[in-house]
Structure formats: structure tokens, C-alpha cells
Amino acid sequence: MEKSRYRIKVPGIHCAGCIRTVEHALGQVAGVEKVRVDYLRKEAHVLGEASLGDLLAALERVGYPGEAL
């Protein structure tokens with residue numbers, strides 16, 4: 001499977017604890033190689049072979065709904 005890059009808007013990010021939760025949730029998705037959260041833009045940047053649906057579902061499970069950009 002080819003690697004994909006995703007930008008996901010996560011408006012619920014408000015603090016360092018939020019960043020850790022989002023990074024951990026996305027990092028646990030099978031196929032994810034790298035996660036970086038941009039606090040100022042409230043975006044998560046993900047690299048890997050995971051599907052967008054799996055990434056969004058992982059965020060939803062931890063209370064941070066997101067949308068693809």
C-alpha cells in the first residue's frame with residue numbers, strides 16, 4: 001500500500017494535553033508512521049498507510065472529532 005499524507009482539522013485542540021491525546025490516538029491507528037499536531041492551526045498531519053476513515057474514527061473515540069482538509 002502506498003503512503004498517504006493527511007491534514008485533519010481538529011478544532012477541539014486547546015492545550016498540551018489535547019495535543020498528547022490526539023497524537024496518541026492517531027499514532028495507535030494501524031499503518032500510521034508519523035503524527036505531528038500544529039497547535040496554532042489546530043491541525044494534525046499524518047503520514048502512513050492508514051485510511052482517512054480510521055484516523056477520523058480514532059479521533060472521534062477520544063472526543064476530538066476532526067475533518068479532512
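## Polar contact and model basis

A polar contact is a pair of N or O atoms within 3.5 Å; within protein, one atom must be able to donate a hydrogen and the other to accept it. In this predicted model, the side chains of H45 and E43 make such a contact at 3.4 Å.

## Salt bridges

The structure contains three salt bridges. One of them joins E33 and K3, with the closest N and O atoms 3.2 Å apart. E33 belongs to strand β2 (residues 32-38) and K3 to the segment before β1 (4-9), so this pair ties together parts that are 30 residues apart in sequence. E33 is partly exposed, at a relative accessible area of 46%; K3 is likewise partly exposed, at 46% relative accessibility.

D38 forms a salt bridge with R41, and here the closest N and O atoms are 3.6 Å apart. D38 counts as buried, because its relative accessibility of 18% falls under the 20% limit. R41 counts as exposed, because its relative accessibility of 53% is over the 50% limit.

## The E43 and R7 pair

A salt bridge also connects the side chains of E43 and R7, at 3.3 Å from N to O. The pair links distant parts of the chain: E43 lies in strand β3 (residues 43-48) and R7 in strand β1, 36 residues apart. The side chains of R7 and E43 are also listed as a polar contact, at 3.3 Å.

The two partners fall into separate accessibility classes. E43 is buried, with 6% relative accessibility, whereas R7 is partly exposed, with a relative accessible area of 41%.

## Surroundings of R7

R7, in strand β1, touches E43, A44, H45, E67, A68 and L69 when residues up to four places away in sequence are not counted. The C-alpha atoms of R7 and L47 are separated by 9.3 Å, although these residues are 40 residues apart along the chain.

## Surroundings of H45

H45 is found in strand β3. Its side chain makes a polar contact with the side chain of E43, and the side chain of E43 in turn meets that of R7 in a salt bridge. E43 therefore takes part in a polar contact with H45 and in a salt bridge with R7, as the term is applied to a carboxyl oxygen of Glu and a side-chain nitrogen of Arg within 4 Å.

Leaving aside neighbours within four places in sequence, H45 is in contact with Y6, R7, K34, V35, R36 and D38. Among these, R7 and D38 each form a salt bridge, R7 with E43 and D38 with R41.

Conventions
Residues are numbered from 1 along each chain as its sequence is written. This is a predicted model: local features need pLDDT of at least 70, side-chain atom pairs count only at pLDDT 80 or more; totals for chains, interfaces and linings use all residues. Side-chain values use heavy atoms; hydrogens and water are left out. Helices (H or I, at least four residues) and strands (E, at least two) are DSSP runs, numbered from the N terminus. Buried means under 20% relative accessible area, exposed over 50%, partly exposed in between (1.4 Å probe, protein chains only). Contact means heavy atoms within 4.5 Å.
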